[in-house]
Amino acid sequence: MDLDLGPEIGRFRTELRDWLAANIPEGLSDLTDWNAVMPGTGGGYDLPGLAEALVHPLHAEWERRLLDARLVCPHWPAEFGGQGLDPVRLAVLNEEFHRAGVPTIWRGMSESLVGPSVIMHGTMEQKAYFLPRIISGEDYYCQGFSEPSHGSDLAAVETQGEVVGAEILVTGQKVWTSRAARANMIFVLCRTDPAAEKHAGLSYVLLPFKEKGITYRPIKQMSGSAEFCEVFFDGAQAPLFNVIGGLGDGWRVAMTTLGHERGGRATVAHLPFEHEFWNLVETARTRGRTGDPLVRQQLAWAYAHIQLMRFNGARTLAQLAEGGQPGPEASTAKLFWSEFHKQLGLIAVSVLGAEAMVRPTGSGYPTTLWQNTFFSSTAGTIYGGTSEIQRNIMSERVLGLPKSPGPRETAGRVSTVTNEEP
Ligand SMILES: Cc1cc2nc3c(=O)[nH]c(=O)nc-3n(C[C@H](O)[C@H](O)[C@H](O)COP(=O)(O)OP(=O)(O)OC[C@H]3O[C@@H](n4cnc5c(N)ncnc54)[C@H](O)[C@@H]3O)c2cc1C
């Protein structure tokens, strides 16, 4: 099914295809199955060979060519290093990269969460300083929102920010900080005015991460890996220049971070799931399980759900092409893929049966592909806002139903948090 997006978009697609044909380094698409990686969902990062492919010289060459062509963060404003692509063109770009079997260079939470907040709320000086450093890869951010007692109830954060002269000093604790080991920056929501009402008095600070006043400790997960950390701040410093949106206005900035959805992956988001599905069908075949009516039913369920994702993506793109903007309906997509994927993890281990209970031998804590899918898929309904929080958003902001008091009965609560994949 191809959507007719009009002649201008058709021209953009043709030019992009020509550029790809002329610029993809030979052998890049053979390094690994790039289309199995699922940016923003945490899936596919355990793909065999991916880690090696990401540090291969052909990948480095590809990154350089994309940077030269302003095809990293291409939807960001042209004056700060992007191309200002609208969501429809961005979706076409993602489709064409997928068709060519090559990766986009994706800057993780720096691209999907921090950048949009700086674009929306930063001063010209802040944009000019922070955005190009994300595009070039010089700065890589992790997210310091959740605290030991404040995950969904983000407005209750207790980490303190104290203004001393021209600096802000941050003291407190964050937890579940994904990719902390890789980051050199962290975006933190902290309380700069403890006397102010809950949602007021918060500030959004971009802090240098590996500097004095910050320590972090990896948290071991049930998959055996330790992709996230707890982070301790003891007077960690940043210039006031690093406060985005102004002191005391952090909640507004955080809401941009949480609500940012441009629909640029609308028509490709289902593809890695489809890829994974056929992989599971093959696993079922090799185990002689495809004749089992229950397995057939489970696989049919999974396929139907992936097609629903596909059609929903096409609907989103059609809306964008008509000038619509994605809004809180994005919660339906997050809820749908994460609940689907958790179920798929269960289907995968049930297809494998007893085999799924045996880990491979080897040092560390090795797991098989499907064991890892099973483990990691359980996290999808927690990070990026839990399923309950997505349902609240849909009921309150899409359907206009009355606010639920929630388990903690917090007055005036807007309870949501978004993190990208671990
Ligand atoms: C893999 C992974 C990566 C993560 N990465 C990061 C990161 O990089 N940075 C970061 O800051 N955080 C990160 N998180 C933390 C994540 O954002 C929180 O775990 C999430 O917001 C839930 O918060 P919580 O764990 O404190 O649970 P709680 O908020 O205490 O929720 C507990 C349960 O109560 C339910 N609940 C809570 N409030 C309501 C309500 N109002 N209505 C109905 N039900 C409700 C929740 O749905 C959940 O089932 C990550 C989490 C995971 C699993």
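Lys198 is partly exposed, with a relative accessible area of 23%, where partly exposed covers the range between buried (under 20% relative accessible area) and exposed (over 50%), computed with a 1.4 Å probe and protein chains only. The model is a predicted one, in which local features need pLDDT of at least 70 and side-chain atom pairs count only at pLDDT 80 or more, while totals for chains, interfaces and linings use all residues. Residues are numbered from 1 along each chain as its sequence is written, and side-chain values use heavy atoms, with hydrogens and water left out.

**Salt bridges**

The side chain of Lys198 meets that of Asp153 in a salt bridge, at 3.2 Å from N to O, the term standing for a side-chain nitrogen of Lys or Arg within 4 Å of a carboxyl oxygen of Asp or Glu. Asp153 lies in the loop between E1 and E2, whereas Lys198 lies in the loop between strand E4 (185-191) and E5, so the pair ties together parts that are 45 residues apart in sequence; helices (H or I, at least four residues) and strands (E, at least two) are DSSP runs, numbered from the N terminus. Asp153, at 6% relative accessibility, counts as buried.

By this rule the structure has 20 salt bridges, and the table lists three of them.

| Salt bridge | N to O distance |
|---|---|
| Glu96 and Arg17 | 2.8 Å |
| Arg64 and Asp68 | 3.0 Å |
| Asp153 and Lys198 | 3.2 Å |

Glu96 is buried, with a relative accessible area of 1%, whereas Arg17 is partly exposed at 37%. Salt bridges that share partners join Arg13, Arg17, Glu95, Glu96 and Arg99 into one network.

Arg64 and Asp68, by contrast, are four residues apart in helix H3 (residues 57-68), and are therefore separated by about one helical turn. Arg64 is partly exposed, with a relative accessible area of 42%, and Asp68 counts as exposed at 58% relative accessibility.

**Aromatic rings**

The structure holds 18 aromatic pairs, a pair being counted if the centres of two rings of Phe, Tyr or Trp (its six-membered ring) lie within 6.5 Å, with planes under 30 degrees apart taken as stacked, over 60 as edge-to-face and the rest as tilted. One of these is formed by Phe145 and Tyr204, whose ring centres are 6.2 Å apart and whose planes stand at 80°, so the pair is edge-to-face. Phe145 belongs to the loop between strand E1 (141-144) and strand E2 (160-164), and Tyr204 to strand E5 (residues 202-208), so that this pair, too, links distant parts of the chain, 59 residues apart. Both Phe145 and Tyr204 are buried, and together with Tyr141 and Phe187 they form one aromatic cluster.

Two rings also carry a charge over them, which requires NZ of Lys or CZ of Arg within 6 Å of the ring centre and within 35 degrees of the ring normal. The charged end of Lys334 sits over the ring of Tyr383, 5.7 Å from its centre, and Arg359 lies over the face of Tyr365, at 3.9 Å from the ring centre.

**A nonpolar surface patch**

Val398, Leu399 and Leu401 form a nonpolar patch on the surface, with about 280 Å² of accessible area together. Val398 is found in helix H12 (residues 387-398) and is partly exposed, with a relative accessible area of 37%.

How values were computed. Patch = residues over 30% accessible without salt bridge, like charges linked within 9 Å, V, L, I, M, F, W, Y side chains within 5 Å. Areas by Shrake-Rupley, 256 points an atom, 1.4 Å probe, with all protein chains shown as cover.
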